[in-house]
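Welcome, and do keep the viewer open as we go. Let us walk through this model together, one region at a time.

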Amino acid sequence: MAKIGDVQPLGTSLERSYEVYVRGRLKFRVGQLVYVAFSLDESVMGFAFPKEERADFVASDPRKFQLPSASDMRFNWLHADLAALDREEARELVIDAWRMVVPQKVSRAYDVAHPGAAG
C-alpha cells in the first residue's frame, strides 16, 4: 500500500518540481503545470498520463486505476487508488508524470543520473 509519504520526497527532489497546497490538497508542479495531485483524504493520486493510453491502462487493472471526472477528461490525467499501489509503482507513476511536463533534456539527464529508474 502506497502513501503520500512514499512519493513526497521524490516529488520535491525532481528537477524543476515543487509542491503546493491548493485548498488543502498536495500537488506537484513544474512551472504552472500540475503533474501529480492527491485527494483531500489522501486515498487517490491523480497524475499526468497520455490521453490515448488511458482506456487501455484502466482496463489493465480497474481496481487500481480510474478515469478522471468528466470535466477532467480533456486533460492528460488519470487516477490511481493509493491503497492498491505498492510504493515502487507509485514512485514510477510520479516519475513518468513528471517526464510529461519537463523538457526531454531534463528527463534524459535524470536517466543518466538514475540508471534503471522508471521510464
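**A guided walk through the model**

Arg16 sits in the loop that joins helix 1 (4–13) to strand 1 (17–22); helices (H or I, at least four residues) and strands (E, at least two) are DSSP runs, numbered from the N terminus. Before we go further, please note that this is a predicted model, in which local features need pLDDT of at least 70, side-chain atom pairs count only at pLDDT 80 or more, and totals for chains, interfaces and linings use all residues. Residues are numbered from 1 along each chain as its sequence is written, and side-chain values use heavy atoms, with hydrogens and water left out.

Back to Arg16: its phi is positive, about 70°, although the residue is not a glycine. With a relative accessible area of 44%, Arg16 is partly exposed, because buried means under 20% relative accessible area, exposed means over 50%, and partly exposed lies in between (1.4 Å probe, protein chains only). Glu42, in the loop between strand 3 and strand 4, has a positive phi near 60° and is not a glycine either. Glu42 is partly exposed, with a relative accessible area of 48%.

Now for the rings. A pair of aromatic rings is described by the distance of the centres and the angle of the planes. Here, rings of Phe, Tyr and Trp (its six-membered ring) pair if their centres lie within 6.5 Å; planes under 30 degrees apart count as stacked, over 60 as edge-to-face and the rest as tilted. How many aromatic pairs does the structure hold? There are 5 aromatic pairs. One of them joins Phe47 and Phe49 edge-to-face, at 6.0 Å centre to centre and 90° between the planes. Phe47 and Phe49 are both buried. Phe49 also pairs with Phe57, and that pair is tilted, at 4.6 Å centre to centre with 35° between the planes. Phe49 counts as buried because its relative accessibility is 10%, whereas Phe57, at 25%, counts as partly exposed. Ring pairs link Phe47, Phe49, Phe57 and Phe65 into a cluster.

Next, look for the largest pocket, which holds about 380 Å³ of space. On a 1 Å grid over the protein atoms alone, a pocket is an open set of points where a 1.4 Å probe fits, with protein on both sides within 12 Å along at least five of seven lines; lining residues have an atom within 4 Å of a point. Grid points are joined across faces, edges and corners, and the volume is the space filled by probe spheres set on the points. Of the 17 lining residues, Val34, Ala37, Asp72, Phe75 and Trp77 are the closest to the centre of this pocket. Strand 2 (25–30), strand 3 (33–38), strand 4 (44–48), strand 6 (77–81) and helix 3 (87–101) each give two or more residues to the lining.

Helix 3 deserves a look of its own. Its 15 residues reach 22 Å from first C-alpha to last, close to the 21 Å expected at 1.5 Å a residue; that expected span is 1.5 Å times one less than the number of residues. Among the buried residues of helix 3 are Leu93, Val94, Ile95 and Trp98.

Finally, Ala80 lies in strand 6 and counts as buried at 0% relative accessibility. Ala80 and Ser39 are 41 residues apart in sequence and 10 Å apart in space, C-alpha to C-alpha.
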